[in-house]
Amino acid sequence: RVNQYETSAMLRELQKLWAGLSTGRSDKHDQTRDVRGSGGGTYHSEPLTAPCPFATGNWGCGAFGGDPSLKSLLQWMAAS
């Protein structure tokens with residue numbers, strides 16, 4: 001079993017988080033996301049100029065036995 005506090009384990013988690021949060025492109029000014037209209041109407045595209053919210057719950061803390069404080073800090077680091 002991997003010790004979650006080892007540098008290599010934390011770097012692996014940061015890489016997984018970065019991959020999940022990245023869009024695959026470095027130029028965010030040209031990216032758009034599809035959003036639903038305010039009345040629940042059709043989708044339209046808007047520029048990705050602001051951060052997008054995401055929720056992970058207690059990612060890695062259930063069956064994997066991760067430390068919630070450590071995992072929260074890793075998520076914060078990857079999203080910053």
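This is a short tour of the structure, stop by stop, with something to select at each one.

**Before you start**

The model is predicted, so local features need pLDDT of at least 70 and side-chain atom pairs count only at pLDDT 80 or more, while totals for chains, interfaces and linings use all residues. Residues are numbered from 1 along each chain as its sequence is written, and side-chain values use heavy atoms, with hydrogens and water left out.

**Stop 1: the whole chain**

Show the cartoon and colour it by secondary structure. You will find two helices and two strands, in the order α-β-β-α from the N terminus on. Here helices (H or I, at least four residues) and strands (E, at least two) are DSSP runs, numbered from the N terminus.

Now switch to a surface. The chain exposes about 6300 Å², and carbon and sulfur atoms supply 56% of that area; accessible areas come from the Shrake-Rupley method with a 1.4 Å probe, and for residues only the protein chains shown count as cover. Of the 80 residues in the chain, 19% are buried. Buried means under 20% relative accessible area, exposed over 50%, and partly exposed in between (1.4 Å probe, protein chains only).

Among contacts (heavy atoms within 4.5 Å) with a separation of 6 or more, 41% are between residues 24 or more positions apart.

**Stop 2: the nonpolar core**

Select L14, L17, L70, L74 and A78 and show their side chains. These five residues form the largest nonpolar core, meaning a set of buried Ala, Val, Leu, Ile, Met, Phe, Trp, Tyr and Cys residues joined through side-chain atoms within 4.5 Å. Two elements, α1 and α2 (68–79), each give two or more residues to this core, and α2 has the largest share, with three. In soluble globular proteins, nonpolar side chains tend to be buried together.

Stay on L74 for a moment: beyond its neighbours within four places in sequence, L74 touches M10, E13, L14 and L17.

**Stop 3: Q75**

Next, pick Q75 in helix α2. Is Q75 buried or exposed? Q75 counts as buried because its relative accessibility is 10%. Leaving aside neighbours within four places in sequence, the contacts of Q75 are L17, F54, T56, G57 and W59.

From here, draw a C-alpha distance to K16, which belongs to helix α1. K16 and Q75 are 59 residues apart along the chain, with their C-alpha atoms 9.9 Å apart. K16 counts as partly exposed because its relative accessibility is 40%.

**Stop 4: K71 over W59**

Move along α2 to K71. This lysine is buried, at 7% relative accessible area. Apart from neighbours within four places in sequence, K71 is in contact with Q4, E13, W59, G60, C61 and G66.

**Stop 5: N3**

Finish at N3, in the segment before α1 (7–21). N3 counts as partly exposed, at 37% relative accessibility. A polar atom of the N3 side chain lies 3.0 Å from the backbone nitrogen of Y5. Then select G66: N3 and G66 are 63 residues apart in sequence, yet 9.6 Å apart in space, C-alpha to C-alpha.

Definitions and conventions: A polar contact is a pair of N or O atoms within 3.5 Å; within protein, one must be able to donate a hydrogen and the other to accept it, and residues adjacent in sequence count only if both atoms are side-chain atoms.
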